[in-house]
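Me: I should like to learn how to read the features of a protein model, taking them one at a time. Please give the general idea and then the case at hand.

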Amino acid sequence: MYGIPVSVFLPTHNLSHHKYTQMRRDVSRTYKVRHDWNLLNFIHYPFMWYNASLPTNIEYFKAQRSKNRPIWYQFRFQAIVFVIIHAIAFFYSIPKTLVLLMLPQQFAQQAIGWTTLMQHDGMELDLLGFNHSRNFTGSVYNWLFINAGYHTIHHMYPGVHWSRYRDLHYEKVEPYIHPGCNESNNLAFWFRYFVFPGLRLGLDGKKWELPAAGKDEAWFFDTAETYSTSEFEYEAWAPDDDDLKRAVEKSKKNLGTYVKHHKNAGKLE
């Protein structure tokens, strides 16, 4: 679908973006693009995301190969199948392969970048709380994109089937988030945020003070983790750098109920 082996999403999406959302260890953090007019950020971001993800993916799979871990063999198998399928398609028809296969694949990669930007830009560095993601709650959007609009719950329970996102959003997220985290109309938001007035605003409605972009931090060379769990593991998100410590303290100050809520949430049935 995306023109790459699906295992490639594991390091940069599951283990980087999900686990360290908008921190230095998230190679796709949105404030790495810093144009004054937000439409330029919308155009630039997917290319930045791709360029940041490529070296991370290469280093991750090199590290996993050196440790002889199963994920390396999974990736290698998928890459071989990927090459064979595309070779057959090119043999059958080069023009059709370019137009009907590769062009949609490239658009899908761009769309993933755009979606990430829309869902996190202007949000708080609020890793352990609820205000790190923007949710698009419109029924049409979530029918077309299988409940992808409920993004906070996706970060909390990435292994839960998408059909449960709406109910879980209103049960476990809605009572605790800042009202500005919800947008009912994604098209109206896109026009307002990226075109006119095209201002990069935070949850308080004021100009978003961009965090320092900084350099990406490596995180995966010694990890044996190769997946995102289906449960929100509170202890697994303990702060390990200054940015994360500040985010945790901010979350505790602004949303004092969330720690108790998560510790008592239990497993999903």
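The dialogue below takes up confidence, cores, a helix, aromatic pairs and a histidine.

Me: On what basis are the residues numbered and the values computed?
Reply: This is a predicted model, in which local features need pLDDT of at least 70 and side-chain atom pairs count only at pLDDT 80 or more, while totals for chains, interfaces and linings use all residues. Residues are numbered from 1 along each chain as its sequence is written, and side-chain values use heavy atoms, with hydrogens and water left out.

Me: What is the mean pLDDT of the chain, and which elements have the lowest and highest means?
Reply: pLDDT is the predictor's confidence in each residue, from 0 to 100. Where it is low, the predicted coordinates should not be read in detail. Here the chain has a mean of 81, and 81% of its residues reach 70 or more. Helices (H or I, at least four residues) and strands (E, at least two) are DSSP runs, numbered from the N terminus. Over residues 227-241 the pLDDT is below 50, and it stays under 50 over residues 255-269.

Me: Which residues touch the most other members of the largest nonpolar core?
Reply: In soluble globular proteins, nonpolar side chains tend to be buried together. A nonpolar core is a set of buried Ala, Val, Leu, Ile, Met, Phe, Trp, Tyr and Cys residues joined through side-chain atoms within 4.5 Å; buried means under 20% relative accessible area, exposed over 50%, and partly exposed in between (1.4 Å probe, protein chains only). The largest core has 16 residues, of which F42, Y45, M118, F189 and F194 touch the most other members. Two or more residues come from each of α2 (38-66), α4 (94-120) and α8 (186-195), and α2 gives the largest share, 6 residues. Apart from this core lies another, of 14 residues, including F130 and Y150.

Me: Where do the buried residues of α8 lie around the helix axis?
Reply: The arc to examine is that of the directions from the helix axis to the C-beta atoms. In α8, N186, F189, Y193 and F194 are buried. These buried residues fall within an arc of 95 degrees, so they line one face of the helix. Among the elements covering them are α2, α4 and α5 (139-144).

Me: How is an aromatic pair described, and what kind do F61 and F75 form?
Reply: The distance of the centres and the angle of the planes describe such a pair. Rings of Phe, Tyr and Trp (its six-membered ring) pair if their centres lie within 6.5 Å; planes under 30 degrees apart count as stacked, over 60 as edge-to-face and the rest as tilted. The whole structure holds 16 aromatic pairs. F61 and F75 are stacked, with 4.3 Å between centres and 20 degrees between planes. F61 belongs to helix α2 and F75 to helix α3 (residues 70-92). For F189 and F194 the centres are 6.4 Å apart and the planes at 85 degrees, so this pair is edge-to-face.

Me: Is H155 buried or exposed, and what does H155 contact?
Reply: H155, in helix α6 (residues 151-156), is buried because its relative accessible area is 4%. Contact means heavy atoms within 4.5 Å. Leaving aside neighbours within four places in sequence, H155 is in contact with H17, H18, T21, H120, H132 and S133.
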